[in-house]
Amino acid sequence: MIHFPLITDHNSPFFAHAEHSGSNPEQRAGTGGRGAFQEDAYPLGRPAHGGQCHPGILDFSVNLNPLAPSIADATWLRWKNHAMRYPPATSDAISVRLAGVLGSEARQTVVTNGGMEALQAGIAAQPAREVCIPAPCFAEYPYLAQQANTRFRIIAIDPGDWWNPDAWLEQDYPRGSLVVLANPANPTGMRIPRKRMVQAILHHRQRGVRWLVDEAFMGFSPGGFPESLLRNIHELPEVTVAGSLTKLWSIPGLRLGFLVSGNPAIADAVRQRQLSWPLNGIATAWADEFLHPDGLNQLMSQMPIIHAWKDDFQVALHNLPGIRPMPSDTNFFLAGLDNSIDRSALSFSMKQKGIAVRSCESIPGMENTAFWRVAVRAPEENNRFIAALNQSLNTLSPQPSGITGTRYSQS
């Protein structure tokens, strides 16, 4: 695997304004200066996401499996009758099937309408004194805590520690709090080793700290699900794992996720909270067809190919001026942009060339940093991204010194 040096200097152009500047002016330092607490730092509107592009756009803002099995037209036709009758009133049968795939117990496992429902239910089903959210993070975490009327804190991790597992795990999490974090992390792509996660969870156990761990991208990481906390879930009653099936199988429109809790009572509570008919008929038909151990094993066998594509993609980007890809253990990565680049103009230029990118300013904890999050797609698409970016960089010319306003203009 290709590794690039981490940029930890706050004066680096990629961290030109690295100090966290949330909307709440009252912040206090975290443990050892590793983070800054923002108490109820928002009210939040609904977060913006990738994947909202015109079908003709090549979308690098969403992180799906480019090697997922396709669904034949004949299969779709066979499934159409499922749209004209009620699906099962509960997800219990598919939860049993999924437990067999994941190696969890059926009573601990709940299939949900996408990973988002699993996260929402994981917060709502276990009230906490407060929800602690290390950042940068998926923007839905604080939004879901807010929707649950739960006090929450965003803990802004120092940018130099974004790829340091201890910075995420060794915070002074308050007694009785619920920690929500992703592993692998989104948007950095860093995976915290399972043994290190378990060590931290046990360390915080005496303070009654609970954990909701979003493993939506675990299947894409080296080692895959053997590195999941699902392997230890029986001995970790304070842990709930949320996950997504739609990313691995590249079916985001069908909405299939899961929740597995080390405390079966939490899984039972989530199951009771689910509305009737939690999965639509097409999603149920898909699960009957594709959700089995052999299908998952086939996907896992292809992950080294995706990581090889990522390495090639990152090497090519590393050779472009002002672009620095960062280390990642999953199917996306951060790319730092030099602060001499007008990111808005560059994103607009890429869109004109039919390519969507994910700028990170709207991600909690990254409001004032200069990064794109880039998905790994098939090589021919990655090459198209590189060619378009190279052309865009060459098209944008810096203004002479002393001129204020936009730093770049189109020549």
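Q: What percentage of the residues of the protein chain count as buried?
A: In this predicted model, 56% of the 411 residues of the protein chain count as buried. The accessible surface comes to about 17300 Å², and 51% of that surface belongs to carbon and sulfur atoms.

Q: How many helices and strands are there in the protein chain?
A: The protein chain has eleven helices and 17 strands. As for contacts between residues at least 6 apart in sequence, 74% join residues at least 24 apart.

Q: Is leucine 236 buried or exposed?
A: A residue counts as buried when its relative accessible area is under 20%. Leucine 236 has a relative accessible area of 0%, and is therefore buried. Leucine 236 is located in the loop between β8 (210–214) and β9 (239–244).

Q: With which residues is leucine 236 in contact, leaving aside its neighbours within four places in sequence?
A: With those neighbours set aside, leucine 236 is in contact with Val198, Ile201, Leu202, Arg205, Leu229 and Gly262. Between leucine 236 and leucine 202 there are 8.3 Å in space, C-alpha to C-alpha, and the two are 34 residues apart in sequence.

Q: How is a pair of aromatic rings described?
A: A search of the whole structure finds 16 aromatic pairs. One of them, formed by tryptophan 162 and phenylalanine 371, is tilted, at 5.7 Å centre to centre and with 55 degrees between the planes. This pair links distant parts of the chain, 209 residues apart: tryptophan 162 belongs to the loop between β6 (152–157) and α5 (165–169), and phenylalanine 371 to strand β15 (residues 371–375). Both residues of the pair, tryptophan 162 and phenylalanine 371, are buried.

Q: Why is the pair of phenylalanine 313 and phenylalanine 333 edge-to-face?
A: Planes over 60 degrees apart count as edge-to-face. The planes of phenylalanine 313 and phenylalanine 333 are at 80 degrees, with the ring centres 5.6 Å apart, so the pair is edge-to-face. Phenylalanine 313 is in helix α9 (residues 293–318) and phenylalanine 333 in strand β12 (residues 332–337), 20 residues apart. Phenylalanine 313 and phenylalanine 333 are buried. They also belong to one aromatic cluster, formed by Phe60, Phe313, Phe333, Trp372 and Phe385.

Q: What volume does the largest cavity have, and which residues line it?
A: The count comes to one cavity of 30 Å³ or more. The largest cavity has a volume of about 50 Å³. Its lining includes Pro134, Phe138, Tyr141, Trp168 and Asn186. By class, the lining has nine nonpolar residues, one polar residue and no charged residues.

Definitions and conventions. Residues numbered from 1 in each chain as written. Predicted model: local features only at pLDDT ≥ 70, side-chain atom pairs only at ≥ 80, totals over all residues. Heavy atoms only, no water. Helix = DSSP H or I, 4+ residues; strand = E, 2+ residues; numbered from the N terminus. Buried < 20%, exposed > 50% of the residue type's maximum accessible area, 1.4 Å probe, protein only. Contact = heavy atoms within 4.5 Å. Areas by Shrake-Rupley, 256 points an atom, 1.4 Å probe, with all protein chains shown as cover. 1 Å grid on protein atoms, 1.4 Å probe; cavity = no way out; pocket = protein on both sides within 12 Å on 5 of 7 lines; lining within 4 Å. Points joined across faces, edges and corners; volume = space filled by probe spheres on them. Nonpolar A, V, L, I, M, F, W, Y, C, P; charged D, E, K, R; others polar. Phe/Tyr/Trp six-rings, centres within 6.5 Å; stacked < 30°, edge-to-face > 60°.
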